[in-house]
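Trainee: I would like to learn how to read a fold like this one. Where do we begin?

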Amino acid sequence: MSHRNTLFVQGLTPQAHKKLLYYAFIPFGEISRVVLPKDQIKNHHKGFGYVQFESVEDAEAAMDNMDQSEILGQVITVTVAKEGSFLINNHRHRAIWNTQEYTDFTQKKNEQNKLDTENTQKEEKGKEEEEGEEKGENIQIEEWNKKNNNEKDNEN
């Protein structure tokens, strides 16, 4: 779903709640989600929230009409939420290793590492075989040289 259908609402009083936000924005279209991120220390929302509409057009209409309006006597600012915000990034409040994306990524990475290890082992084995062949050739050449040198020594 596009981030353009999600609105960032800031300037909310501590008394504001999800239902209030929902009813303030529902006249502009079908709402799929309302989120008020909580401040864990103060145990209430942080003074901003997100309203996600089913359509971009409804979100635009709500933004045009609600920006600089008042809720509970406080002027609010309404803008399009940035991509990657709390509401759009559904995994932001969960540990990364609890997401399917991380599991998939880790599995692919492990498979790639296994292939890399196998390829490295094959390359090393091939090099060892080549070195062994070269050593064998060197030994044969050395033996031939010794033999020739011995024959020359015997002739002298």
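Mentor: Begin with the inventory. This is a predicted model, and its chain holds three helices and eight strands.

Trainee: In what order do the elements run from the N terminus on?

Mentor: The order is β-α-β-β-β-β-α-β-β-β-α.

Trainee: Which strands form the open sheet, and in what order?

Mentor: Sheet order is read across the pairing. Here four strands make an open sheet, ordered β2-β5-β1-β8, with antiparallel pairing. The edges belong to β2 (31–35) and β8 (77–80); each has a single partner strand, so one side of each lacks a neighbour in the sheet. From one strand to the next, the twist averages 20 degrees.

Trainee: How many bridges join β1 to β8?

Mentor: Four bridges link β1 (residues 6–10) with β8, and the two run antiparallel.

Trainee: Which strands does helix α2 touch?

Mentor: Helix α2 (residues 56–66) packs on the sheet and touches β1, β5 and β8. Its direction makes about 155 degrees with that of β8.

Trainee: And which strands does helix α1 lie across?

Mentor: Helix α1 (residues 18–25) lies across β1, β2, β5 (48–53) and β8. Against β2, helix α1 runs at about 140 degrees.

Trainee: What share of the chain is buried?

Mentor: Of the 156 residues, 24% are buried. The chain exposes about 11600 Å², and carbon and sulfur atoms supply 47% of that area.

Trainee: What share of the contacts joins residues 24 or more positions apart?

Mentor: Count the contacts with a separation of 6 or more: residues 24 or more positions apart account for 62% of them.

Methods. Residues are numbered from 1 along each chain as its sequence is written. This is a predicted model: local features need pLDDT of at least 70, side-chain atom pairs count only at pLDDT 80 or more; totals for chains, interfaces and linings use all residues. Side-chain values use heavy atoms; hydrogens and water are left out. Two strands pair if DSSP finds at least two bridges between them. Axes are lines fitted to C-alpha atoms, for helices over the stretch in contact, and angles run from 0 to 180 degrees between N-to-C directions. Contact means heavy atoms within 4.5 Å. Buried means under 20% relative accessible area, exposed over 50%, partly exposed in between (1.4 Å probe, protein chains only). Accessible areas come from the Shrake-Rupley method with a 1.4 Å probe; for residues, only the protein chains shown count as cover.
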